[in-house]
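Please examine the sequence and the structure shown here before reading the notes on its helices.

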Amino acid sequence: MNVLDVIAAILVLGGSTLALTAAIGVLRFPDTLTRMHAATKPQVLGLLLVLAGAAIRLRGHADVGMVILTGLFTVITAPVIANRVGQLAYREQNIRDDLLIKDEMHEFVENGEPGGNGQN
């Protein structure tokens, strides 16, 4: 076992720990917005760490390209999905208003503007 194998193992274990904390957060948090935060941020970072560990372990193998594409696809799609889920949860009133510090979508929903994402 060399140094690169140890680094790969540390990355995989760290990523798995972050994915576990994301799963616990999804189960424990009270509303959709906080669950969405737990499901996206640590989960994506955890997956990237696991993929980095796999890429180090597979160094020089043809599958490293697929691992890189998987990481890029996750980084590109996760924010979009989180945005859409958050908007839907807000419009369906599946949130706890007492947990919101600032409500930026209220004016868009009241005015009936399409999108409601702050862009005109």
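The model is predicted. Helix α2 covers residues 32–57, and helix α3 covers residues 64–91. Helix α1 spans residues 3–28.

**Helices α2 and α3**

- The axes of α2 and α3 are 10 Å apart, and the two helices pack at an angle of about 175°.
- Because an angle over 145 degrees counts as roughly antiparallel, α2 is described as roughly antiparallel to α3.
- By class, 14 nonpolar and 6 polar residues form the contact of α2 with α3, and no charged residues take part.
- On the α2 side, the residues of this contact are T32, L33, M36, T40, V44, L47, L48, L51 and A55.
- On the α3 side, the residues include V64, V67, T70, G71, A78, A82 and G86.

**Residue G86 in helix α3**

- G86 belongs to helix α3.
- G86 has a relative accessible area of 8%, and because buried means under 20%, G86 is classed as buried.
- When neighbours within four places in sequence are left aside, G86 is in contact with L33 and M36.
- L33 and M36 are both among the α2 residues that meet α3.
- Along the chain, G86 and L33 are 53 residues apart, yet their C-alpha atoms are separated by 6.1 Å.

**Residue T40 in helix α2**

- T40 is placed in helix α2.
- The relative accessibility of T40 is 18%, so T40 also counts as buried, the limit being under 20%.
- Not counting residues up to four places away in sequence, T40 touches A78 and A82.
- A78 and A82 are listed among the α3 residues that α2 meets.
- A polar atom of the T40 side chain lies 2.9 Å from the backbone oxygen of M36.

**Helices α1 and α2**

- The axes of α1 and α2 come within 7 Å and cross at roughly 165°.
- This angle makes α1 roughly antiparallel to α2.
- The crossing of α1 and α2 is left-handed.
- The contact of α1 with α2 comprises 17 nonpolar, 8 polar and 3 charged residues.

Technical notes
Residues are numbered from 1 along each chain as its sequence is written. This is a predicted model: local features need pLDDT of at least 70, side-chain atom pairs count only at pLDDT 80 or more; totals for chains, interfaces and linings use all residues. Side-chain values use heavy atoms; hydrogens and water are left out. Axes are lines fitted to C-alpha atoms, for helices over the stretch in contact, and angles run from 0 to 180 degrees between N-to-C directions. Helices (H or I, at least four residues) and strands (E, at least two) are DSSP runs, numbered from the N terminus. Angles under 35 degrees count as roughly parallel, over 145 as roughly antiparallel, 65 to 115 as roughly perpendicular and the rest as oblique. Contact means heavy atoms within 4.5 Å. Ala, Val, Leu, Ile, Met, Phe, Trp, Tyr, Cys and Pro count as nonpolar, Asp, Glu, Lys and Arg as charged, and the others, Gly among them, as polar. Buried means under 20% relative accessible area, exposed over 50%, partly exposed in between (1.4 Å probe, protein chains only). A polar contact is a pair of N or O atoms within 3.5 Å; within protein, one must be able to donate a hydrogen and the other to accept it, and residues adjacent in sequence count only if both atoms are side-chain atoms. A crossing is left-handed if the near helix is turned anticlockwise from the far one by less than a right angle, and right-handed if clockwise.
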